[in-house]
Amino acid sequence: MSADPDRLRLPTEIAGHYSSRSQRARVITESWVRTWAFCPNCGHALHSFENNRPVADFYCKTCSEEYELKSKKGHVARSIVDGAYTSMMARLGAANNPNLLLLAYDTDTYSVNTLLAIPKHFFVPSIIERRRPLRPTARRAGWIGCNIVIENLPTIGKVFLLRDGSQPRGARSCGTGAELSSFGPREPSKRRGGSWMS
Ligand SMILES: [Zn+2]
């Protein structure tokens with residue numbers, strides 16, 4: 001089912017005073033998620049953390065799940081580039097490791113084409129690829145980044161809330177919708193470090 005184009009439009013007007021493209025992208029994609037996306041675990045609203053946290057960007061007041069948002073231009077590809085390898089591994093190994101929301105948008109229309117949720121029990125070190133250290137001539141010589149390798153995920157670990165501008169069948173009709181069955185139990189989970197699927 002095609003989603004309403006107005007709902008897919010990123011609110012570019014709210015970020016006019018940011019000169020940095022990456023900051024603009026962050027502001028408009030976070031705003032879109034707050035407005036239209038719902039917690040894939042329980043269907044309630046997502047809220048931003050007040051201060052920047054190492055990884056997580058959103059949390060759900062109902063089920064306490066935490067979400068990291070990654071946005072990229074174009075479409076979801078085999079992998080996405082992320083930040084420092086060591087901090088990513090530490091975050092994924094923590095008791096409150098986050099779920100991942102991956103948002104892809106068209107740069108000509110500034111509309112969201114895909115919103116993919118990866119439950120935290122699939123957002124694990126085995127899908128993180130360590131990149132080569134930056135060359136000695138680089139400004140941050142020796143720094144090591146990482147990639148999140150989407151193609152290494154099993155199908156059940158990829159929950160498309162929106163795919164190529166359409167809501168997959170079975171997705172909930174609120175906001176972008178969420179296919180709750182892939183996220184396990186619907187009752188609020190307070191478990192830390194546990195799995196939605198167990
Ligand atoms: Zn929730």
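Predicted model: local features only at pLDDT ≥ 70, side-chain atom pairs only at ≥ 80, totals over all residues.
Six positions along α2 are buried, namely Ala25, Ile28, Thr29, Trp32, Val33 and Trp36. They take up an arc of only 135° around the axis, which means they lie on the same side of the helix. Gln23 and Thr35, on the other side of α2, are exposed. As for partners, the buried residues of α2 pack against α1 (5-8), β2 (58-59), β3, β5 and β6.

Much of this ties in with the largest nonpolar core, a set of 34 residues in which Val33, Leu101, Leu103 and Val112 touch the most other members. Two or more residues each come from α2 (21-36), β3 (66-73), β5 (99-106), β6 (111-118) and β9 (159-162). The biggest giver is β5, with 6 residues. Take Val112: leaving aside residues up to four places away in sequence, Val112 touches Leu8, Leu10, Trp32, Leu103, Tyr105 and Leu162. Trp32 in that list is also one of the buried residues of α2.

Zooming out, the chain has 3 helices and 9 strands, running α-α-β-β-β-β-α-β-β-β-β-β from the N terminus. Of its 198 residues, 29% are buried. Among contacts between residues at least 6 apart in sequence, 57% link residues at least 24 apart.

Terms used: Residues numbered from 1 in each chain as written. Core = buried A, V, L, I, M, F, W, Y, C linked by C-beta atoms within 7 Å. Buried ≥ 20, exposed ≤ 12 C-beta atoms within 10 Å, placed from the backbone. Helix = DSSP H or I, 4+ residues; strand = E, 2+ residues; numbered from the N terminus. Contact = placed C-beta atoms within 7 Å. Arc of directions from axis to C-beta.
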